[in-house]
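Work through the exercises below with the structure open beside you, and try each task before you read its solution.

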Amino acid sequence: MTTYVWDYLPEYENERDDIHDAVETVMRSGQLVLGRSVRGFEEEFAAYHGLAHCVGVDNGTNAIKLGLQACGIGPGDEVITVSNTAAPTVVAIDGTGATPVFVDVDPDTYLMRVDQVEAAVTSRTRAVLPVHLYGQCVDMAPLQALAERHGLVLFEDCAQAHGARHHGRLAGTMGRAAAFSFYPTKVLGAYGDGGATVTSDDEVERDLRRLRYYGMEERYYVVRTPGHNSRLDEIQAEILRRKLTRLDSYAQGRREVALRYAEGLGDTELALPTVAPGNEHVYYVYVVRHPRRDEIIEALKAYDISLNISYPWPIHTMSGFAHLGYERGSLPVTERVADEIFSLPMYPSLAPGVQDKVIGALRDVLAAL
């Protein structure tokens with residue numbers, strides 16, 4: 001039986017009755033669009049973060065895009081972010097009409113090099129978008145000071161950091177607004193697509209609700225600018241409500257899996273995850289690094305282990321973003337990291353026996369290199 005980086009079936013077996021009850025609750029509610037389940041989840045997710053507002057949308061990409069638009073970001077603006085991220089981060093920026101501007105990443109944590117951000121600020125810069133990658137937060141204090149100094153929007157991409165903390169503060173609570181994805185693999189995942197933007201800014205919240213509903217503030221009447229059909233689904237919202245009560249236990253389960261990897265692989269040549277000072281990592285993915293990455297992944301196939309790379313192509317090297325004008329070599333750490341990183345299986349319901357299989361196979365493969 002093949003071992004994959006992620007498998008939802010063990011979790012589903014554990015939570016099957018609750019998931020089915022969530023679906024039944026919505027189907028019997030008489031409200032299938034923007035009803036009680038979406039409202040309930042929005043209130044509970046905002047409360048979990050200690051924020052005033054949460055606006056549920058259809059996916060994490062639109063959580064970023066609409067969130068940026070609600071913060072006033074649009075054509076002609078520049079948004080500073082990183083190239084070592086999932087493509088949706090940059091697709092969302094591009095979707096607003098703004099221009100993504102990249103800085104490099106730290107060689108140990110793979111997170112934004114905050115000390116490079118100041119030099120990237122121009123007269124067109126309107127926002128900084130740190131990506132809390134792989135399950136831990138970017139160093140936010142310098143970015144908060146920079147944003148205040150230059151009058152910039154600080155917008156957090158928290159798609160991979162549900163429940164992560166930075167010096168005690170939850171990811172998503174350190175900027176003007178923040179976006180989350182509830183794609184099924186996430187620490188808090190739905191059983192389909194979903195997303196949300198959180199904020200304590202009343203004006204941002206009002207504009208978000210308008211933008212996710214065609215641009216309407218009241219039914220059938222579009223005001224100011226057209227929006228989108230980007231509503232969070234009622235069934236997914238009800239499932240998320242149930243799973244939100246277990247979010248902290250999911251995070252703890254991931255930390256326990258990470259600890260077993262550290263104990264089983266700590267004496268090998270693999271570079272294991274580095275936790276930045278002040279961070280409480282939730283290990284959305286468990287990213288390791290080795291200069292002979294491709295050989296290792298290929299060799300593991302003989303053990304029926306299929307691994308993933310997050311991410312093999314930096315955004316600035318993709319043909320779809322050639323118009324941004326970045327040359328190879330412009331972000332050297334990002335490019336080097338992309339050639340060496342790969343992800344081990346990581347989810348709270350990963351059985352110790354399956355994890356032992358992965359650890360044993362990796363040790364065999366590394367010894368044979």
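**Exercise 1.** Find what share of the contacts in the protein chain with a separation of 6 or more comes from residues 24 or more positions apart.

*Solution.* Begin with the contacts in the protein chain whose separation is 6 or more, and then pick out those between residues 24 or more positions apart, which account for 69%. Keep in mind, as you look at the structure, that this is a predicted model.

**Exercise 2.** Decide whether the radius of gyration of the protein chain agrees or disagrees with that of a compact globule.

*Solution.* First take the length of the chain, which is 369 residues, for which a compact globule would have a radius of gyration near 21 Å. Next take the value for the protein chain itself, which is 21 Å, so the two agree. As a further step, look at the extent of the C-alpha trace, which spans about 65 × 55 × 35 Å along its principal axes, and at the secondary structure, which consists of twelve helices and 16 strands.

**Exercise 3.** Locate Lys 186, and determine whether Lys 186 is buried or exposed.

*Solution.* Start with the record, in which UniProt, in an unreviewed entry, places the feature "modified residue: N6-(pyridoxal phosphate)lysine" at Lys 186. Then follow the chain to the loop between strand 9 (177-181) and strand 10 (195-199), where Lys 186 is found. The relative accessible area of Lys 186 is 11%, and since buried means under 20%, Lys 186 is buried. Finally, leaving aside residues up to four places away in sequence, identify what Lys 186 touches: Ala 159, Gln 160, His 162, Ser 181, Arg 254 and Tyr 284.

Note on methods:
Residues are numbered from 1 along each chain as its sequence is written. This is a predicted model: local features need pLDDT of at least 70, side-chain atom pairs count only at pLDDT 80 or more; totals for chains, interfaces and linings use all residues. Side-chain values use heavy atoms; hydrogens and water are left out. UniProt positions are given in the numbering used here, feature names are shortened, and annotations may be inferred rather than shown by experiment. Helices (H or I, at least four residues) and strands (E, at least two) are DSSP runs, numbered from the N terminus. Buried means under 20% relative accessible area, exposed over 50%, partly exposed in between (1.4 Å probe, protein chains only). Contact means heavy atoms within 4.5 Å. The radius of gyration is taken over C-alpha atoms; the globule rule is 2.2 Å times the number of residues to the power 0.38.
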